[in-house]
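Me: I would like to go through the terms used for this structure and see what each one rests on. Please set each value against its definition.

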Amino acid sequence: MSEYDVIVIGAGAVGENVADRAVQGGMTTAIVEAELVGGECSYWACMPSKALLRSAAALRAAQDVDGAKQAVTGGVDAAAVLRRRDRITNDRDDASQVRWLDGAGIDLVRGHAELTGAKRLRVTAPDGTVTELTARHAVVIATGSAALLPDIPGLREIEPWTSREATTAKQVPASLAILGGGVVGAEMATAYAGLGSRVTLIVRGALLQQMEPFVGEMVSASLEELGVRILAGAEVRGARRVGEAAQLDLSNGERVVADEVLVAVGRTPRTGDLGLDRIGIEPGAWLDVDDTMLVRGFDWLYAVGDVNHRALLTHQGKYQARAAGDVIVARAKGAPIHDEPWGAHVATADHEHVPQVTFTDPEVASVGLTEAAARAAGRRIRVLDYDLSSVAGASTHSDHYEGSARAIVDEDRGILIGATFVGPDVAELLHSATIAIVGEVPIDRLWHAVPSYPTVSEVWLRWLEAYGRPA
Ligand SMILES: Cc1cc2nc3c(=O)[nH]c(=O)nc-3n(C[C@H](O)[C@H](O)[C@H](O)COP(=O)(O)OP(=O)(O)OC[C@H]3O[C@@H](n4cnc5c(N)ncnc54)[C@H](O)[C@@H]3O)c2cc1C
């Protein structure tokens with residue numbers, strides 16, 4: 001039996017960060033990992049997906065600048081892209097991350113963890129060895145999420161890809177059908193079209209429909225230009241393999257045939273096999289937490305990252321981890337808790353200030369509320385739209401720059417509460433909007449934040465001109 005101040009279950013990016021904060025606060029800390037240290041983001045999600053997207057995006061960017069495009073005489077080398085993806089994901093070897101844990105003073109226990117009671121865990125290693133662990137102060141669940149497979153007749157039997165297979169594929173299929181029009185579906189459609197697959201994207205509603213409506217319209221148009229067939233408003237009713245090919249029957253009577261099928265319709269929490277029933281929590285549920293990441297009803301159990309379903313993004317999970325790690329230390333030491341709205345021990349930005357980049361082509365970068373969400377929340381708002389191709393920076397950036405940007409102003413408070421950019425390389429514009437929104441910078445003051453000429457960031461000036469100068 002080993003005893004630690006803090007035990008973290010799951011060594012994804014989020015678990016690593018909470019453990020690091022706990023150690024920095026003087027707590028003895030163990031982290032338990034069943035697969036690879038680094039988790040989904042490093043090996044099966046963010047990093048490999050962005051690696052699969054980048055080469056074709058770089059090529060298309062060069063093709064859109066006269067003088068550079070003449071130098072582009074070939075297409076994407078898919079084999080080289082896959083090799084680069086493998087380099088970026090360290091061939092799924094977690095040795096460097098294990099060294100980092102070691103250097104940070106965090107003990108790694110390899111194996112599958114389950115709770116056996118309050119603050120007590122059992123870890124079963126791959127060789128069957130069992131280790132019992134006890135936490136003096138806190139147990140943190142950071143077990144992430146897995147791809148959701150919907151209950152469609154025949155779907156499991158055809159062994160579809162999930163995001164894991166899509167991001168680790170050894171070969172590019174000649175044809176790929178993708179179910180789901182969210183971020184993963186849109187990014188993988190872009191990636192595989194860029195790698196040479198014939199992609200069919202099957203979307204129940206509209207593409208990227210949680211975002212501003214112009215986002216889905218612009219991304220759909222560019223995917224179609226890349227050769228992706230988008231079937232919007234369609235549902236898969238049944239699936240089967242005919243020979244090597246997968247066959248999908250749709251609600252509109254259409255039949256889609258493809259070499260592989262990728263299911264990207266959502267995520268499910270990895271809480272089914274954690275022994276949660278032993279402490280009165282329903283296994284398989286998302287874990288409901290307060291802003292300090294404490295699971296409601298407990299004073300020792302925390303949940304951070306995807307598993308609490310607040311914002312399924314690595315950077316938000318790491319933000320939660322910093323808050324949780326620090327609050328665990330403070331509570332253990334009887335120090336004051338800073339749980340006021342923007343205090344050090346809370347992750348309040350999860351509610352309305354979540355930044356997200358979707359690495360389609362064009363990129364999408366958004367933070368805060370959309371127009372629809374702001375109206376639904378009863379805010380009195382003004383919407384500022386601007387065609388990004390009209391700023392001087394766009395004309396030097398590329399020859400056919402297309403982009404759009406929307407800001408949402410809260411008229412009662414005179415501040416921005418939402419921003420969305422669509423266009424080439426807009427990801428790097430996002431943090432300016434995040435700072436303006438989180439900092440609640442008054443619109444009047446933004447007039448004094450002068451964007452550089454000639455950059456696409458001059459959209460900030462155009463928004464202000466559209467809004468009007470203070471009298
Ligand atoms: C295709 C794809 C692309 C994405 N791209 C981005 C992106 O560009 N940017 C972004 O911010 N987010 C992106 N995300 C989301 C991001 O991957 C997740 O938000 C992030 O990985 C969540 O981190 P986590 O630490 O909560 O969980 P995970 O990274 O899933 O880590 C959980 C860890 O817990 C371990 N574990 C689970 N159960 C147990 C157990 N019982 N015992 C021991 N260990 C256990 C797992 O093995 C795993 O290592 C993407 C997701 C997908 C699917």
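Predicted model: local features only at pLDDT ≥ 70, side-chain atom pairs only at ≥ 80, totals over all residues.

Me: What makes strand E1 and strand E6 a pair?

Reply: Two strands pair if there are at least two bridges between them. E1 (residues 2-9) and E6 (residues 130-141) have seven, in the parallel sense, so the term applies.

Me: How do you know that E6 also pairs with strand E16?

Reply: The cut-off is at least two bridges, and E6 and E16 (residues 301-303) have three, again in the parallel sense. Within E16, Tyr-302 is the bridge partner of Val-140.

Me: In which sense does strand E5 pair with E6, and over how many bridges?

Reply: E5 (residues 120-124) pairs with E6 in the antiparallel sense over five bridges, with Arg-120 opposite Thr-134. Five residues lie between the strands of this hairpin, and Gly-128 there takes a positive phi near 95 degrees.

Me: Why is the set that holds Ile-141, Leu-301 and Tyr-302 called a nonpolar core?

Reply: The term requires buried residues of the nonpolar kinds, joined through side-chain atoms within 4.5 Å, and buried means under 20% relative accessible area. The largest such core has 56 residues, and Ile-141, Leu-301 and Tyr-302 touch the most other members. Helix H9 (residues 314-333) gives the most to this core, seven residues. Beyond its neighbours within four places in sequence, Ile-141 is in contact with residues including Ile-9, Leu-115, Leu-274, Leu-287 and Val-307. A second, separate core has 33 residues, among them Ala-169, Ala-186, Met-188 and Leu-262.

Me: How do you know that helix H3 meets helix H4?

Reply: Contact means heavy atoms within 4.5 Å. Met-47, Pro-48, Ala-51, Leu-52, Arg-54 and Ser-55 in H3 meet Val-81, Leu-82, Arg-84, Arg-85 and Ile-88 in H4. By class, that contact has seven nonpolar, one polar and three charged residues. H3 (residues 46-63) and H4 (residues 78-88) pack at about 145 degrees, with their axes 9 Å apart, and the crossing is right-handed.

Me: Why do E11 and E13 count as edges of their sheet?

Reply: The sheet is open, has three strands in the order E11-E12-E13, and its pairing is antiparallel. E11 (236-242) and E13 (255-258) each have a single partner strand, so one side of each is left without a neighbour in the sheet. The twist averages 20 degrees from one strand to the next.

Me: What makes E11 and E12 a pair?

Reply: Against a cut-off of at least two bridges, E11 and E12 (residues 245-250) have six, in the antiparallel sense. Leu-250 in E12 is the bridge partner of Val-236.

Terms used. Residues numbered from 1 in each chain as written. Heavy atoms only, no water. Axes fitted to C-alpha atoms, helices over the stretch in contact; angles between N-to-C directions. Helix = DSSP H or I, 4+ residues; strand = E, 2+ residues; numbered from the N terminus. Left-handed = near helix turned anticlockwise from the far one by under 90°. Nonpolar A, V, L, I, M, F, W, Y, C, P; charged D, E, K, R; others polar. Buried < 20%, exposed > 50% of the residue type's maximum accessible area, 1.4 Å probe, protein only.
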